[in-house]
Amino acid sequence: MENLKIAIQGIKGSFHHQVAQEYFQCENDLDECMSFDELVKSLKENKADKGVMALENSIAGSIIPNYALIDTNNLHIIGEHYLDIHMNLMVLKGQKIEDITEVHSHPIALLQCAVFFSQYPHIKLVESGDTAETARRIQEHKLIGIAAVAAPIAAKLYDLEILAAGIHTVQSNKTRFVIVKTQNKEIQKENINKASIKFELDDTAGSLATVLNVMNNCKLNLTKIQSMPIIETPFQYSFFVDVIFDKYKHYEKAKKILELMTTHFKVLGEYKSGKR
């Protein structure tokens, strides 16, 4: 497999790094981006060939700004990967949980571990840009009394001790990541069984129900629908939808009908479904 430059949100040891390893099944060069905006910029400036972007979590829900980033920057989803998220509390070796005064991590990671931390009211939760970056900072600066919430890979990479493993509230904790690039042509039609689309509707009663009925009649299985307000038009919404199908021709038929029924229709990606 050719060596690619993969843009990830975060640094080595982050969940995005883990997804890059698992999806591409090899170690590629990484462009470590501290925000999703930087990740998009990396792709658009051709610094990276493909990007890994979290889109939704089974506990925290959709990462809505990332839908907008994909749409407004005309990125294309060319694949997806579901990752079991294991949150771990990690520190410099030799400390106990009673020694910890602050825990730093990404806000979504902290949210997913809220019940665990409710047992330790003496610990202050501090939001940071990335799970692994905090783990690295603790090791680099030998921070005492500070802990990180991150993946097991971060503890291994940055030689930290895991005080508590699997501290996320709901043990079945999955995040859906998408693989994005600036061009859409990636796989053959016969291998495509999932699509992400966006559409807008006029203000007619029952218009959304009619669209959903078309999808059903064309044998599409709706797996996700996310609405977002259209800023320029108060109380009007865009709909981001994921559908899976057995045959590409069924999706193609639905696409032609929906292009006529909607006021705006856009394909965000056509790809092979990942395993949940």
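Residues are numbered from 1 along each chain as its sequence is written, and side-chain values use heavy atoms, with hydrogens and water left out. As the model is predicted, local features need pLDDT of at least 70 and side-chain atom pairs count only at pLDDT 80 or more, while totals for chains, interfaces and linings use all residues.

Start with a sheet. Five strands form an open sheet in the order β8-β7-β9-β6-β10. The pairing is mixed. Strands here are DSSP runs of E, at least two residues long, and helices are runs of H or I, at least four residues long, both numbered from the N terminus. Two strands pair if DSSP finds at least two bridges between them. Strands of a sheet pair through backbone hydrogen bonds, either parallel or antiparallel. The edges are β8 (124-127) and β10 (161-165), each of which pairs on one side only. On average, neighbouring strands of this sheet are turned by 30 degrees against each other, direction ignored.

Strand β7 (residues 102-105) runs parallel to β8, and four bridges join the two. Val103 has Leu125 as its bridge partner in β8. Helix α6 packs on the sheet and touches β6 (88-91), β7 and β9. Contact means heavy atoms within 4.5 Å. The direction of α6 makes about 145 degrees with that of β9. Such angles run from 0 to 180 degrees between N-to-C directions, with axes fitted to C-alpha atoms, for helices over the stretch in contact.

Now the charged pairs. Side chains of opposite charge can pair when their charged atoms come close. The structure holds 15 salt bridges. Each is a side-chain nitrogen of Lys or Arg within 4 Å of a carboxyl oxygen of Asp or Glu. One of them joins Lys47 to Glu45, with the closest N and O atoms 3.4 Å apart. Glu45 is partly exposed, because its relative accessibility is 42%. The classes are buried at under 20% relative accessible area, exposed at over 50%, and partly exposed in between, with a 1.4 Å probe and protein chains only.

Glu56 and Lys224 meet at 3.5 Å, N to O. This pair links distant parts of the chain: Glu56 sits in strand β3 (residues 50-57) and Lys224 in strand β13, 168 residues apart. Glu56 counts as buried at 18%, and Lys224 is buried at 15%. Glu252 and Lys189 form another, with the closest N and O atoms 3.1 Å apart. Here Glu252 lies in helix α9 (residues 248-261), and Lys189 in the loop between β11 (174-181) and β12 (194-200), 63 residues apart. Glu252 is partly exposed at 25%, and so is Lys189 at 46%. Elsewhere, shared partners join Glu56, Glu80, Arg176, Lys194, Lys224 and Asp242 into one salt-bridge network.

Asp242 lies in strand β14 (residues 237-244). It counts as buried, because its relative accessibility is 5%. A polar contact of 2.7 Å joins the side chains of Asp242 and Arg176. A polar contact is a pair of N or O atoms within 3.5 Å; within protein, one must be able to donate a hydrogen and the other to accept it, and residues adjacent in sequence count only if both atoms are side-chain atoms. Residues that Asp242 touches include Glu56, Lys194, Lys224 and Tyr271, not counting residues up to four places away in sequence.

Next, the rings. The whole structure has eight aromatic pairs. The rings of Tyr23 and Phe24 have centres 4.9 Å apart and planes at 85 degrees, so this pair is edge-to-face. Rings of Phe, Tyr and Trp (its six-membered ring) pair if their centres lie within 6.5 Å; planes under 30 degrees apart count as stacked, over 60 as edge-to-face and the rest as tilted. Tyr23 is partly exposed at 28%, whereas Phe24 is buried at 4%. Phe245 and Tyr248 are also edge-to-face, because their planes stand at 75 degrees, with centres 6.3 Å apart. Phe245 is buried at 5%, and Tyr248 at 11%. Ring pairs also link Phe116, Phe117 and Tyr120 into a cluster.

Last, two loops. Most residues other than glycine have a negative phi. Lys142 has a positive phi near 50 degrees, and is found in the loop between α6 (131-140) and β9 (146-150). Lys219 has a positive phi near 65 degrees. Its place is in the loop between α8 (207-217) and β13 (221-229). Lys219 is exposed, at 58% relative accessibility.
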